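Let me put the sequence and the model up, and then I'll walk you through a few things.

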Amino acid sequence: MQKKKKSASTIFRRPVLIAAAVVVLIGIAGSAFLVKQRSDDNKQAVASKDDDKVRPIGSVDYGPPDPHDNDATNDSKGSQDGPDTLDGFPSDSSGKPSVTVTRADADNSSKTLSVAVLVDGVASGDCTLTASMNGASSLTRTSSVTAENNTASCGVFTIPYADFSANGKWKISVSVTSNGKTGSGDWPQTIQITK
Amino acid sequence: MRVQAGKKWKALKGGLLIAAGVLFVSITVFPFHTANALSGNQFRAGRIIDDIIYTNANAMSVYDIQAFLDSKVPNCDTQGTQQSTHYNSSAGRYYTRAEWGALNGNHAPYTCLRNYFENTSNMINNYGGASVQNGTSAAGIINNAAKRYNINPQVLLVTLQKEQGLITDDWPWNNQYQKAMGYACPDTASCNPNYAGLYRQVDGAAWQMRRYLDNPNNYNYKQGNNNIRFNPNTGCGSTIVNIQSGGTAALYNYTPYQPNQAALNNLYGTGDGCSAYGNRNFWRYFNDWFGSSTTDNYTAQFYSIFPARPSLKASQESTVTMKYKNMGLFNWYDDTNAAGAGVKPTHLAATGPINRSSIFAMEWGDPGRPGKTFTAVYEADGVTLAANQHLVQPGQVASYDIPITVPIGTNPGNYREWFQVIQEGASTWWMGGESYIDVYVEPTKFEGKLYSNYSQLGLKTSQSFNNSAYIRNTGNIEWYDQVPAGAPAVKVTRLAATNPINRDSLFGSTTWLNAGRPTSGFTAVYESDGVTLATNQHMVSPGQIAKFNYRYTVPIGTNPGTYREWFQPIMEGAPQWWMGGEFFTDVTVQNTDFNSQVHSKSNTLTIARGNSATAFIQYKNTGNIEWYDEVTPGTTIKPTRLAASDPINRESQFSNGSWVNKGRPTTGFNKVYESDGVTLATNQHMVSPGQIVRFEFPIAVAGNATVGTYHEGFQPILEGAPAWWMGGQTDLTITVQ
C-alpha cells in the first residue's frame, strides 16, 4: 500500500509547530529568567510585598478588552427588562419588603445606639424598630422608608442610651410594612447597653 | 507536494520572530512584575478598596482616561454591522446588531463611550451622530467629576463598566447612557429621570460617593461590623463583615450586597441563585485594569516626571524631577529624620535590577541611589508644599530632583533608566513605584580645527618666541578650560604636544604647564569672526575660536635644523580625548655662535704689595646671539660672566672680597656700549652682536706676595652652560713691587 502523502498544509504547518514550540520554550525560559531576576532583585526581601498583587498599584491596562467583557451586556440587550444595571435584581414578585439591619453601633462615648436598615423590594412604607430585652420594657422607634439614590432604607435610627429602660443585652429588630405586607430583620447579635 | 526549504525556514523564521516579539514585549512592558491571574480567594469583603486608592483623584489625567477608553474599544461598531448574539430563526441566522437594535427601538448608528460628547449645561449629546456644541468628552466628564469630588477616576470607570458595561461596549444603546452609573436607579424603582444621561450620572454618582465618605453615619454601611447580605433574597443569608475602609463602605452603600462563594469561585462568570456581582465585578475590574485596589504599609505610586526624555550630549547634565505618591498606610521619612522616627529611610533607588549602578550617576554620591532626601514634599495635588518637607504622609507626594550627567564617551542612543522607591535596609524594602527616565544621548562631537598659527619660525638656541594658535570649535558642544560649577562630567580642553600625544616638546619652557602642555587655559575666546571677544572667556561654543598663547624656547645645545612641532586640542583626562585639530609649526634652529673678541683692556698694572688697582677688560660680541648678565625669565640663556681662566675656574691670587669668588671677578656687566665703544647701549644687561661689554674689577696684591710680573688669564664664559666657551681669552700683566 502506498504511503499516504502528507498534504502540503500539513508539511507547511510543521515549521509553524516548531516555531510554536520555540515560543513555548522561550516563554518558559523568559518566565524563568524574570522569576530569577525578581528573585535576585529581592535578595533582601524576606516576604515580597506584592506576592498577592496582580498589577502594580496605579498601573493602567491599556490592552484590548477581554473577549468576554461584553457578554453580559450583549445578552441583556433586548431582554424583557432591557439592559438594566448588570448587578441589579428583579423585584420580588410577592411585594414583601426584605429588611436587613445592616449595622447597630453602640457608641459608649456618645451613649447612643445607631441602627441602619436596608430595605429591598419596596420603595415606600413604614419602619418600626423594636429593642427588647427579657425583663425590661421594649423600646420602639418608627420611620418611613426612604428611597435613596440606589437603595431604599429606613434611615438611621439614633437612640440615646437613656431611652433604654435598663442596662443589658438588647435585641434589635426592624419591621417594614408596605402595601399591607410586612417584612422584618434582626441585628444578628445582641447589643450591650450600659447607661 | 514538497515544501521548499526556504519556505520552511520562512515559516520557522516567522514563528521565531513572533516568539521573540512576544518575549520582547512582555519584558519591555512589565520588566519586573509578572502578572498573576486574579483569584476569587483574594477577595476580602471588608476591604474591597482602600481609601487612599478610592480617593486618588489624580490617578489618571484626562488624556490617560481617553487613552484607556480608546484601548478598550479598539473598533466601535457604529453601524452595527457585526453579528449580534440573538438568533433570527425565521432567517436562519443571527441578527446583525443594527437589526437587533432596530427591533428593540435602538437604531444605528451607535456611539461608543470613547467618542461620546455631551454639553454639560443642556445635556445635548452626540449619541447617534447628533451634533453638539461645546461638548465635553466622556473622558472629560469623568475627569472633571473625579477632581471635583476627589474620587479616583478609576473608580468611576469601573462603575461605568459594572453598571452598564460602557467601557468595553462597542455598540452601546442610548438607554445605557441614561443610567450609565446606575445612579438614582434603585432596584425597586425606575431610574430618576432627573439624573439621566452620562454627565448627570457620572457627576451625581461621584457626588454620592463623596457623601458616603464624608457622612458615614448617615448611611447603612460604615467602617466597623456590618450585616451584609449576599442577595436581596433573605433566604440567601448574610454575614457580619468588618468593613475596614470608607471606600469599601461606600461601595456597599452604592451596591449593598457581597458576593457569595459561588460568585467568587467563578470570578469571571456567574455563581448561583444567591450570587450578587456588583461589588465582585467592581473589585475584579479594578484589579485587572488598574492594579491592586488595596495597599500595603509602604507603597509608592509613580506620580510624574519632568522632563520625561532629557536629550543630552556627552558631558552635559540635566535635572529630572520625579514625583511619587505615598499610596501606603505609613509615613515615609528621608535621611533627615528617619533615625529619629525609628524607621528605615525612604530612598529613591536605581533598579532593574535593584542596586545597579547608573552610568548617569556622577553627581549622586551613590551610583545606585539618586535620592536619599526628598527635594520637596507636596500635598496630594502635587503642587501645594506640605508643612513637613522631610515626611511624606499617605496621599502626599515626594519629589526627587535627579541630576543626570552624561559621561564623555557614552555612546549615542536611548537609555532607559529605571527607578523605584525603597525602604533602605528593610527586609521588605520593596515599595513599588517603578518608573523610568528615557535619557537620549545625542551624538557628541568634540572637534577643533586650526584657524591660524605661525607655521614657520627661525630661532637660535636659547632664543624664545611667543606663538599664538587659534583653534575653531567645529564640534557641537562647548569647550571649557576649567570645570564649570554643576557640570562635573566636563573635561577641560587644553593644547597638547602631539604626534605622539603626551610627547615632551623640545621647545617647552618654564611657562608651560609641562613639557607636553604649552598652556593651561584659553588666552582668549573669540566669536566666529576671530576678532570679537566672546562673553565667556572660559568657554568656547561651537563656531567660536580659542586662542592659545605659548612660548617656544630653543635650549642651548639644540642641534641646528628644522623641527616640526605638532600640537592639537585635547580633552584632558578623558578616555576619548581626541578632538582632532592637529597642526604644526616648523621651528628652524639656526647655528648659535657665542663668540667674543677682546676690544680693550688695562695696560700693565704695577701694584705694590698690600695694595690694589682697578682693571678692566672690554669684549666685543662677535657671535650671532645676545649675551645677558643675568638669567632672563622665560629663556634658557645662561648669564655671561668674566672668569679667571687658563685654566678655567682657576683661583686667582689677586682676588679680594668684592669678587664673586676667586675665579669670578665680577657679577655683571659694568657697561654695555654700542659698537663704537662709546655710546651706551639702551639695555645695560644685554650685549647684542656687535656691541661691547666692559668688565671692571679690582686686582689686589697680598702683602706677602712675591715680587715679580704675572700674566693673569681671563675670558668671558656662559656660566653654567655645558657649552660655556665664548672665546676672548686674554691676560692682564701685573707687576708686583
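Predicted model: local features only at pLDDT ≥ 70, side-chain atom pairs only at ≥ 80, totals over all residues.

Across chain A the average pLDDT is 75, and 64% of the residues score at least 70.

What is chain A built from? It has 2 helices and 9 strands. Going from the N terminus, the order is α-α-β-β-β-β-β-β-β-β-β. Of the 195 residues in chain A, 30% are buried. Now take the contacts in chain A with a separation of 6 or more: 58% of them link residues 24 or more positions apart.

One backbone detail while we're in chain A. Asn179(A) isn't a glycine, but its phi is positive, near 50°. You'll find Asn179(A) in the loop between β7 (168-178) and β8 (181-186) of chain A. Is Asn179(A) buried or exposed? With 11 other C-beta atoms within 10 Å, Asn179(A) is exposed, because the cut-off for that is 12 or fewer.

On to chain B and its helix packing. Two packed helices get described by the angle between their axes and the distance between the axes. Start with helix α5, residues 138-149, against α6(B): the axes are 8 Å apart and the angle is about 130°. That makes α5(B) and α6(B) oblique to each other, and their crossing is right-handed. On the α5(B) side we have Ile142(B), Asn143(B), Ala145(B) and Ala146(B), and they meet Pro153(B), Leu156(B) and Leu157(B) of α6(B). By type, the residues of that contact are 6 nonpolar, 1 polar and no charged.

Next, α6(B), residues 153-164, also packs on helix α11 of chain B, residues 278-290; these axes come within 9 Å and cross at roughly 125°. So α6(B) and α11(B) are oblique to each other, and the crossing is right-handed. From α6(B) the contact uses Gln154(B), Val158(B), Thr159(B), Gln161(B) and Lys162(B), while the α11(B) side includes Phe282(B), Tyr285(B), Phe286(B) and Phe290(B). Here the residues split into 5 nonpolar, 5 polar and 1 charged.

Where do we have cis ones? One runs from Phe306(B) to Pro307(B), with omega near -10°, and Pro307(B) is in the loop between β7 (300-306) and β8 (311-312) of chain B. Another joins Asp646(B) and Pro647(B), with omega about 0°. Pro647(B) belongs to the loop between β31 (640-644) and β32 (671-673) of chain B.

Asn649(B) is in the loop between β31 and β32 too. Asn649(B) is not a glycine, yet its phi is positive, about 70°.

Definitions and conventions
Residues numbered from 1 in each chain as written. Chains lettered and ligands numbered in written order. Helix = DSSP H or I, 4+ residues; strand = E, 2+ residues; numbered from the N terminus. Buried ≥ 20, exposed ≤ 12 C-beta atoms within 10 Å, placed from the backbone. Contact = placed C-beta atoms within 7 Å. pLDDT = per-residue confidence, 0-100. Axes fitted to C-alpha atoms, helices over the stretch in contact; angles between N-to-C directions. Parallel < 35°, antiparallel > 145°, perpendicular 65-115°, else oblique. Left-handed = near helix turned anticlockwise from the far one by under 90°. Nonpolar A, V, L, I, M, F, W, Y, C, P; charged D, E, K, R; others polar.
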